[in-house]
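Please keep the structure open while reading.

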Amino acid sequence: MTDAVTESTSPPDAGTADVPWSRLSHRTIWVDLAQTLLALSPTALAVGVFGVDPTLDALWPLLGVAVVGVLGAVSNVLRWIFTRYRITPEYVERRSGVFVRRYRSVRRDRIRSVDITARLRHRVAGLRVVLVGAGQQLVSGESALRLDAVVKADAEALRRELLATSEVAAVSAEEVADDGDGAAADGAADGGAAAGAAGTGHTEVLARFRPWWVVYNVVSVWMFFSAAGLLWGAYWLVRTFGYDPMPWVGDLLDPDVRGLPASVAIAVLLTGAIGAVVMAVNFFTVNWGYELARVPGQKTTQLRTRHGLFTTREVNRDERRLRGVYLSEPLLWRWMGMADTQVITTGLSAFSPSQPAAILPRGPVSVARPVAAAVLGADPDPLGAPLARHPRGALRRRLWWATWVAAVVTVTLGWLSFNDILPATLIWCGAGVWLVGLVLAVAAYRALGHAVVDDYLVVRSGATSRATVVLRRDSVSTIALRESILQRRLGLRSVTAMTAAGWGAYQAPDIGREDALAFAVEAAPGLLDPFVERVPASPGQPLGGD
Amino acid sequence: MDPDDDLTDSSGDAPTLLRLRPPTNPVDPRALRWWRLRALCSAGLVTAVLGVTTWLWEPGRPWLAVPLVAAALWTVARVTFEPRIRYAVHRWETTDQGIYGLSGWVVREWRAAPLSRVQTVDAVRGPLEQALGLATLRVTTASSSGAVNIVGLDKDLAAELAERLTVITEQIPGDAT
């Protein structure tokens with residue numbers, strides 16, 4: 001198998017020497033110049049306007065900003081000078097590197113995604129960053145090839161050329177912008193027709209941004225982290241300008257004045273509120289103008305998402321590489337129907353922090369389900385199918401595990417307090433752990449379910465977050481049945497379907513022993529047939545591979 | 001579709017049940033020694049380090065007693081029981097369509113992969129395996145977690161199997177995703 005991406009220090013033979021090399025857009029230079037001025041301005045402002053003493057002690061946070069900004073701009077200019085790219089009939093090639101010359105090429109038939117993104121500074125200058133993905137497991141979700149940056153029109157042309165989408169698609173994409181809001185609901189409603197739209201040259205919008213989704217995105221643990229980051233940054237900034245807010249904060253939270261519980265409550269509520277505002281602002285800036293659409297092309301259709309207020313991001317996913325969808329619903333927010341929606345597809349890293357597999361922002365499950373169904377375009381809808389419940393043994397196994405963990409915690413705490421390291425009252429934490437464990441065990445049991453619907457297998461599981469996976473049966477490459485000693489006693493087996501897409505492995509835990517085999521046989525059509533035999537049923541006979 | 005439909009076959013006189021038969025071939029008897037040595041090198045080493053620390057560092061003894069006893073018991077279990085259970089459990093089989101392995105001791109696992117999805121076939125040999133003349137047959141698919149490993153094979157058999165499976169997989173078109 002030839003590598004899709006090759007990297008070397010020199011270009012190969014000049015077989016395609018006739019194709020000229022192009023530079024990245026010269027506008028990046030102006031952007032870098034602006035960035036330099038911007039990076040220097042806080043220092044200039046502090047010294048020139050506010051009269052802060054120009055000592056290293058007082059100015060180091062601002063100087064840090066200035067140094068990082070200027071160095072970034074200078075290295076960007078150097079990168080622009082030394083980078084060239086070209087597109088030959090077979091390859092996309094890029095030469096780069098200031099001191100070490102690097103040459104990278106991506107085979108065009110291996111290109112699986114072409115994403116266009118832009119930060120605010122790019123958008124001001126009409127630039128776009130093009131990320132070419134070849135489905136390779138490179139270092140930490142890195143794109144196969146990155147062009148930073150080209151003019152917007154060039155980026156669009158590159159994407160069209162590399163993905164071989166037709167002119168029709170581009171035209172209809174423009175038209176859709178004028179369409180009413182009804183298109184989203186229509187698209188979501190008739191999932192069966194969705195697949196039929198492929199090749200007809202009409203862009204179909206499956207979902208659009210709804211501002212009220214913000215309520216699903218403000219409350220999470222991250223709000224405390226973002227609030228802490230913001231407060232820390234603000235603290236250093238006002239310190240630099242000669243104001244120390246510490247006494248004021250000390251007054252507000254003085255435990256002697258208000259009592260400890262009130263102080264803690266004020267601190268938590270204040271940071272929580274600040275964090276919620278930060279999260280809301282973040283949600284709007286990231287997801288503004290969200291649109292999920294099915295865009296037809298010559299060979300295949302693309303699932304396209306576009307979003308972003310300042311930094312825009314467009315991701316195109318080849319539908320030929322789509323293997324299923326993944327819906328997860330966090331337990332704590334089940335009452336408000338919160339869900340994350342992702343596609344299971346090859347060539348997109350599920351581990352990437354930018355989450356290219358997410359096709360919807362975190363939002364209501366009442367939207368997520370129809371959209372996921374429309375993306376699958378399967379009839380009958382696998383997400384709507386009733387799932388087979390798992391035997392009571394699965395509940396017993398979870399209760400056993402919860403009890404075991406609580407017992408270990410209690411014994412450890414007991415031993416530590418026996419040795420006078422911890423106060424004896426902490427042993428009661430063990431009881432708390434047990435209670436939480438039992439609740440999670442029941443929740444995890446109730447989440448269990450599996451089914452085979454037409455061409456798809458459906459598995460559902462998870463304690464703190466219930467994940468529903470719909471996976472195409474013909475994409476299953478390895479099937480595994482697992483049985484631990486406890487599972488053996490309870491008559492259970494777990495079935496894992498492995499695939500090249502998404503997380504790589506999806507498990508249906510704790511199915512009854514005979515049902516597990518039947519499910520495994522159906523999940524990977526034909527794979528287990530040579531290894532399965534039919535035996536006359538007689539009571540007491542051990543089943544399975546004993 | 002209800003999975004129960006396939007479970008009982010109503011066409012015959014007596015109802016029949018599906019049964020996953022074990023793969024046909026056992027592993028090489030030298031694997032017993034390999035598993036024993038492997039247990040000594042991992043669990044045994046931890047026990048030895050803990051034991052020496054307990055012996056030399058007197059104030060730490062109340063802390064190290066419980067981990068030392070646990071590590072010692074674990075080592076005994078892995079040296080005496082694990083190899084025997086594994087030798088009884090581990091089996092493998094290859095056909096022209098797929099590869100099928102059964103492995104494990106505390107947790108048993110049946111794993112099957114079709115050769116049409118196989119990406120690489122290798123005979124891998126670690127230092128202990130080299131000393132014993134053994135090899136592991138490693139068959140990887142496009143799934144990052146979908147590899148089928150068959151441990152404790154004779155090195156010549158593993159090399160021959162790797163060659164045969166590679167020839168078969170090369171004849172199957174497609175990019176195996």
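Is B:Glu82 buried or exposed? In this predicted model, B:Glu82 has a relative accessible area of 0%, so B:Glu82 is buried. Across all chains, a search of the whole structure finds 28 salt bridges, and some of them are described below.

**Salt bridges within a helix**
- B:Glu82 pairs with B:Arg86 in a salt bridge whose closest N and O atoms are 2.7 Å apart, and B:Arg86 is likewise buried, with a relative accessible area of 14%.
- Because B:Glu82 and B:Arg86 lie four residues apart in helix α3 (residues 61–89) of chain B, about one helical turn separates them.
- Salt bridges that share partners also join A:Glu156, A:Arg159, A:Arg306 and A:Glu314 into one network.
- Within helix α4 (residues 152–163) of chain A, A:Glu156 and A:Arg159 are three residues apart and therefore separated by about one helical turn; their side chains meet at 3.9 Å, N to O, and A:Arg159 counts as buried at 8% relative accessibility.

- A:Asp148 and A:Arg79 form a salt bridge, with the closest N and O atoms 3.6 Å apart.
- This pair links strand β8 (residues 145–151) of chain A, which holds A:Asp148, to helix α2 (residues 56–82) of chain A, which holds A:Arg79, the two residues being 69 residues apart.
- A:Asp148 counts as buried at 11% relative accessibility, whereas A:Arg79, at 29%, counts as partly exposed.

**A positive surface patch**
- A:Arg389, A:Arg392, A:Arg396 and A:Arg446 form a positive surface patch.
- A:Arg392 is placed in helix α13 (residues 392–418) of chain A and, at 57% relative accessibility, counts as exposed.

Notes
Residues are numbered from 1 along each chain as its sequence is written. Chains are lettered from A and ligands numbered from 1 in the order in which they are written. This is a predicted model: local features need pLDDT of at least 70, side-chain atom pairs count only at pLDDT 80 or more; totals for chains, interfaces and linings use all residues. Side-chain values use heavy atoms; hydrogens and water are left out. Patches are made of residues with over 30% relative accessible area and no salt bridge: like charges are joined within 9 Å, nonpolar side chains (Val, Leu, Ile, Met, Phe, Trp, Tyr) within 5 Å. Accessible areas come from the Shrake-Rupley method with a 1.4 Å probe; for residues, only the protein chains shown count as cover. A salt bridge is a side-chain nitrogen of Lys or Arg within 4 Å of a carboxyl oxygen of Asp or Glu. Lys and Arg count as positive and Asp and Glu as negative; His and the chain ends are not counted. The place of a charge is taken as NZ of Lys, CZ of Arg, CG of Asp or CD of Glu. Buried means under 20% relative accessible area, exposed over 50%, partly exposed in between (1.4 Å probe, protein chains only).
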